[in-house]
Amino acid sequence: MELPDTDPAHERIRALSLAKYRRHAARYDGSLGPTWPIRQRAVQGLGLRAGQRVLDVGCGTGMSLALLRSAVGERGHVYGFDQSPEMLARARALAAPWPNVTLMHAAAHELRLPEAVDAVLFHYTHDILRSPCAIEHVLRSARPGARVAVAGMKYFPRWLAPLNLWVYFKNHGYNGAPGQLARPWDRIVPHLAGWQLTPTQFGMGYLAFGTVRQGAADQAAAAAAAGDRGAPPRAPAATRPSSQPAGAAQGAR
Ligand SMILES: C[S@@+](CC[C@H](N)C(=O)[O-])C[C@H]1O[C@@H](n2cnc3c(N)ncnc32)[C@H](O)[C@@H]1O
């Protein structure tokens, strides 16, 4: 069952994000150097084991895929999705030789996976974290107790407040919802147990972990029972094999 994102504000944010990543996709990877150690810590903190399933939320150009894949091994599976065709095309090219990586062209609120995952990575996915509907929908794809890593930018502490103008404009380049950086995690925290947050980048970033509460998974099971009884899991409308070019199976969003 899809949760429609009926909030027009979130639709506006998504549209802005799509336009921004259309421009950024080609040079996105070149801007990632400073956050690479955070990405590594985020993946490491998921505590993945061989054979597990992991979801890369808003996977972008696929920069976390190799790390995730190496953590779950050949028997494990990595799922990733992104709403930007330009970003996803790059991820698809990267993942083309990897049979255990499935990439989907989808917005967070319409994600649909064929199985529950053991871990979820939100790496610099601010816009998705600002949509309660998107968060709820993504977490429905995880089993109870699944480990969740969340990393991103936030405002500096109050004593460095003048620098936050710079943080705002840095975010403005990439996010549809560039503000709301005081506590960008506040909408996902109620869904997670054992939330632990560490500031990164001198306070301009954060890395946090938690586990999916039972309730989120119960909702997922109830939704599946009510909406899909007897029907085989429907592949996401947007799902295409990694090797298929973006836009081939579905009209551009
Ligand atoms: C800053 S990039 C991060 C990409 C990747 N996670 C990384 O760490 O390199 C944010 C990504 O989120 C995607 N995104 C934003 N809003 C989305 C939504 N509602 N559904 C799916 N993807 C979304 C963007 O297209 C973009 O690729």
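## Ligand shell

The largest contribution, three residues, comes from H1. The model is predicted: local features need pLDDT of at least 70, side-chain atom pairs count only at pLDDT 80 or more, and totals for chains, interfaces and linings use all residues. Residues are numbered from 1 along each chain as its sequence is written.

Of the 21 residues around the ligand (C-beta atom, placed from the backbone, within 6 Å), those that come nearest are Gly 58, Gly 60, Gln 83, Ser 84 and His 123. By class, the shell comprises 10 nonpolar, eight polar and three charged residues.

## Packing of H1 and H4

Helix H1 (residues 8-28) packs with helix H4 (residues 85-95) at an angle of about 30 degrees, their axes lying 7 Å apart. H1 is therefore roughly parallel to H4, a term for angles under 35 degrees. Tyr 21, Arg 22, Ala 25 and Tyr 28 of H1 meet Glu 86, Met 87 and Arg 90 of H4, contact requiring C-beta atoms, placed from the backbone, within 7 Å. By class, this contact has four nonpolar, no polar and three charged residues.

## Nonpolar core

The largest nonpolar core has 54 residues, among which Val 54, Val 117, Val 120, Leu 121 and Ala 149 touch the most other members. Strand S5 (residues 142-153) gives the most to this core, with six residues.

Technical notes. A nonpolar core is a set of buried Ala, Val, Leu, Ile, Met, Phe, Trp, Tyr and Cys residues joined through C-beta atoms within 7 Å. A residue is buried if 20 or more other C-beta atoms lie within 10 Å of its own, exposed if 12 or fewer, and partly exposed in between; C-beta atoms are placed from the backbone. Helices (H or I, at least four residues) and strands (E, at least two) are DSSP runs, numbered from the N terminus. Axes are lines fitted to C-alpha atoms, for helices over the stretch in contact, and angles run from 0 to 180 degrees between N-to-C directions. Angles under 35 degrees count as roughly parallel, over 145 as roughly antiparallel, 65 to 115 as roughly perpendicular and the rest as oblique. Two residues are in contact if their C-beta atoms, placed from the backbone, lie within 7 Å. Ala, Val, Leu, Ile, Met, Phe, Trp, Tyr, Cys and Pro count as nonpolar, Asp, Glu, Lys and Arg as charged, and the others, Gly among them, as polar.
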